[in-house]
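Subject: Handover of a structure and notes on its aromatic pairs and cores

Dear colleague,

Please find below the structure that I am passing on to you. My notes on what was found in it follow directly after.

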Amino acid sequence: MTDKTEVNLSGVKQSKGVWLVKVPKYLSQQWDKATEKGEVGKISFGKKQGKTEVCFSLNEELTVLDAVGEKDASLQVPRDHPFTMHTVGGQTMAAFSQSDTDEISLEGMVVHRAECRPVVSDNYMKLKKLQIKESTKSPRLSQQLERAITTVFKPVANHNFNVLHDKKKKLEGKMVRAERQVVLDMLFSAFEKHQYYNIKDLVDITKQPVTYLKEIMKEIGTYNNKGAHKSTWELKPEYRHYQSAEEEVPTA
């Protein structure tokens with residue numbers, strides 16, 4: 001069961017239209033550096049040959065890149081990013097926001113889709129080159145040690161779980177085949193308590209070898225290959241009401 005979350009739908013009454021804009025990763029990273037109520041840039045609208053042109057200009061303070069080497073000290077993030085407009089395509093899309101208190105609110109319905117792309121310049125190509133260079137760097141680097149490592153890690157001859165397993169086998173001893181009727185009585189007694197058993201559980205109950213136990217189960221039981229009780233055994237219908245000789249009620 002998932003927890004129900006209330007959604008603030010006041011945006012529906014206000015009939016607000018929003019733009020769904022895809023921006024480059026580096027641009028969203030620069031926006032994160034802005035102050036809480038700071039200005040990240042300006043959007044300008046214009047017309048050229050009867051078509052509306054939209055362009056986003058990044059704030060000059062946010063064009064500075066962090067953690068750039070000396071060779072790329074002059075490298076800056078492109079400021080101008082023209083919009084490439086796309087149709088909504090008959091889809092009904094909405095934009096939601098989540099507050100610090102995890103409250104979800106409807107901001108409005110998507111009326112325009114656009115892609116924010118930078119103006120291709122020498123500065124932008126240098127930025128792309130730097131991004132590719134950073135992405136190809138291995139997170140693990142070889143390092144030359146100043147002194148030799150004196151700690152020696154010796155391989156373990158026998159692990160703890162192997163020791164415990166061998167100890168358990170010695171305590172229980174080698175499984176010896178019991179008489180068939182004795183094994184049947186133990187199996188029927190077990191299946192009176194539960195309908196389904198794994199073969200491993202049946203081995204623990206009867207203390208019989210797996211191969212011997214499977215031979216008997218193939219005669220009196222059915223193996224489930226699929227379903228809710230996959231990889232388990234159950235008795236065939238004709239054996240489900242079996243009563244052992246010891247439990248039979250003597251007749252007068």
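Rings of Phe, Tyr and Trp (for Trp, the six-membered ring) are taken as a pair if their centres lie within 6.5 Å. With that in mind, Trp 19, Phe 45 and Phe 83 form one aromatic cluster. Please note that this is a predicted model.

Aromatic pairs

The structure holds 6 aromatic pairs. One of them joins Trp 19 and Phe 83, with 6.4 Å centre to centre and 50° between the planes, and is tilted. Trp 19 belongs to strand 2 (residues 17-22) and Phe 83 to strand 5 (residues 80-86), so this pair ties together parts that are 64 residues apart in sequence. Trp 19 has a relative accessible area of 34% and is partly exposed, whereas Phe 83, at 15% relative accessibility, counts as buried.

A further pair is formed by Phe 188 and Tyr 239; this one is stacked, at 6.1 Å centre to centre and 20° between the planes. The pair links distant parts of the chain, with Phe 188 in helix 5 (residues 180-193) and Tyr 239 in the segment after strand 9 (232-235), 51 residues apart. Phe 188 counts as buried at 5% relative accessibility, while Tyr 239 counts as partly exposed at 28%.

Nonpolar cores

The largest nonpolar core has 17 residues. Those with the most contacts inside this core are Leu 187, Leu 202, Leu 213, Ile 216, Met 217 and Ile 220. At least two residues of the core are supplied by each of helix 5, helix 6 (199-206), helix 7 (210-220) and strand 9. Helix 5 gives the largest share, 6 residues. Leaving aside neighbours within four places in sequence, Ile 216 is in contact with Arg 180, Val 183, Leu 184 and Leu 187. Apart from this core lies another, of 15 residues, among them Leu 27, Leu 62, Cys 116 and Tyr 124.

Helix 5

At 1.5 Å a residue, the 14 residues of helix 5 should span 20 Å, which agrees with the 21 Å between its end C-alpha atoms. Which residues of helix 5 are buried? They are Val 183, Leu 184, Leu 187, Phe 188, Ala 190 and Phe 191. These residues cover an arc of only 160° around the axis, and therefore lie on the same side of helix 5. The buried residues of helix 5 pack against helix 6, helix 7 and strand 9.

Yours sincerely

Technical notes
Residues are numbered from 1 along each chain as its sequence is written. This is a predicted model: local features need pLDDT of at least 70, side-chain atom pairs count only at pLDDT 80 or more; totals for chains, interfaces and linings use all residues. Side-chain values use heavy atoms; hydrogens and water are left out. Rings of Phe, Tyr and Trp (its six-membered ring) pair if their centres lie within 6.5 Å; planes under 30 degrees apart count as stacked, over 60 as edge-to-face and the rest as tilted. Helices (H or I, at least four residues) and strands (E, at least two) are DSSP runs, numbered from the N terminus. Buried means under 20% relative accessible area, exposed over 50%, partly exposed in between (1.4 Å probe, protein chains only). A nonpolar core is a set of buried Ala, Val, Leu, Ile, Met, Phe, Trp, Tyr and Cys residues joined through side-chain atoms within 4.5 Å. Contact means heavy atoms within 4.5 Å. The expected span of a helix is 1.5 Å times one less than its number of residues. The arc is that of the directions from the helix axis to the C-beta atoms.
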